[in-house]
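Visitor: Please take a close look at one helix pair. I would like the packing spelled out, with cut-offs.

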Amino acid sequence: MAGIKAIVYESNTGFTKEYAELLSEIIGIPAIPVIDNSMFHGEREPVIFLGWVCAGKINGIRMARLKFNPVIIAGVGMTQQSDKYAFALAQQNNIDVPFYYLQGGLHRERLKGFYKIMFKMVANPILRKAEKGKSQLSEHEQYTVDLIKNGGSFVKHENLEELIKKYKEINSILKIS
Ligand SMILES: Cc1cc2nc3c(=O)[nH]c(=O)nc-3n(C[C@H](O)[C@H](O)[C@H](O)COP(=O)(O)O)c2cc1C
């Protein structure tokens with residue numbers, strides 16, 4: 001079996017695409033949207049899959065699993081980087097391959113249609129709680145309020161380090177088997 005063929009991703013507002021393209025530059029394999037069929041030859045080839053997190057679900061994972069064989073998966077969300085959150089996401093999405101959580105960010109102005117409405121439903125109760133009194137907010141809630149109000153990006157090269165190590169390990173095994 002040859003090595004990992006591509007980085008396949010699903011992105012809504014751009015952060016996951018940014019990570020996929022950054023990773024592509026570093027490891028030298030192409031980054032393509034999961035709906036792109038240019039690298040799909042019906043053989044479920046090994047890929048890295050990156051998908052954005054929506055209400056705990058990793059978007060695009062179903063299609064990625066149908067078309068490819070994701071040997072490494074990462075979820076990109078606005079939650080702060082944490083092993084606990086990564087573990088919860090892996091469980092919720094039935095992931096049985098190496099999994100990484102990558103902190104993306106929030107571009108509210110890029111949200112449209114259904115996701116814009118859905119996000120308002122999640123964000124408004126937190127914003128209302130914040131209006132009532134800052135002292136009642138946990139550190140995580142305060143971070144979320146600031147991000148909802150101001151937006152921001154946390155995409156950085158360092159967040160990919162562990163994933164890249166794992167890529168090298170798996171890719172060398174795939175190449176000799
Ligand atoms: C409707 C909706 C639900 C979301 N749910 C979560 C979530 O459960 N956990 C999380 O960390 N981020 C959540 N986010 C934030 C996005 O995952 C985050 O903005 C991510 O960086 C988007 O990546 P993208 O730019 O590639 O689409 C949600 C965003 C929207 C719009």
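Guide: Helix 4 (residues 113–132) and helix 5 (residues 139–150) pack at an angle of about 110°, and their axes lie 10 Å apart. Axes are lines fitted to C-alpha atoms, for helices over the stretch in contact, and angles run from 0 to 180 degrees between N-to-C directions. Helices (H or I, at least four residues) are DSSP runs, numbered from the N terminus. That angle makes helix 4 roughly perpendicular to helix 5 (65 to 115 degrees).

This is a predicted model: local features need pLDDT of at least 70, side-chain atom pairs count only at pLDDT 80 or more, and totals for chains, interfaces and linings use all residues. Residues are numbered from 1 along each chain as its sequence is written.

Helix 4 brings Ala 123, Ile 126, Leu 127 and Ala 130 to the contact. Helix 5 answers with Glu 141, Thr 144, Val 145 and Ile 148. Contact means C-beta atoms, placed from the backbone, within 7 Å. An α-helix has 3.6 residues a turn, so residues three or four places apart point the same way. By type, the contact residues divide into six nonpolar, one polar and one charged. Ala, Val, Leu, Ile, Met, Phe, Trp, Tyr, Cys and Pro count as nonpolar, Asp, Glu, Lys and Arg as charged, and the others, Gly among them, as polar.

Just after helix 5, Gly 151 takes a positive phi of about 70°. Helix 4 also supplies the largest share of the shell around the ligand, four residues.

Key. Helix = DSSP H or I, 4+ residues; strand = E, 2+ residues; numbered from the N terminus. Parallel < 35°, antiparallel > 145°, perpendicular 65-115°, else oblique. Contact = placed C-beta atoms within 7 Å.
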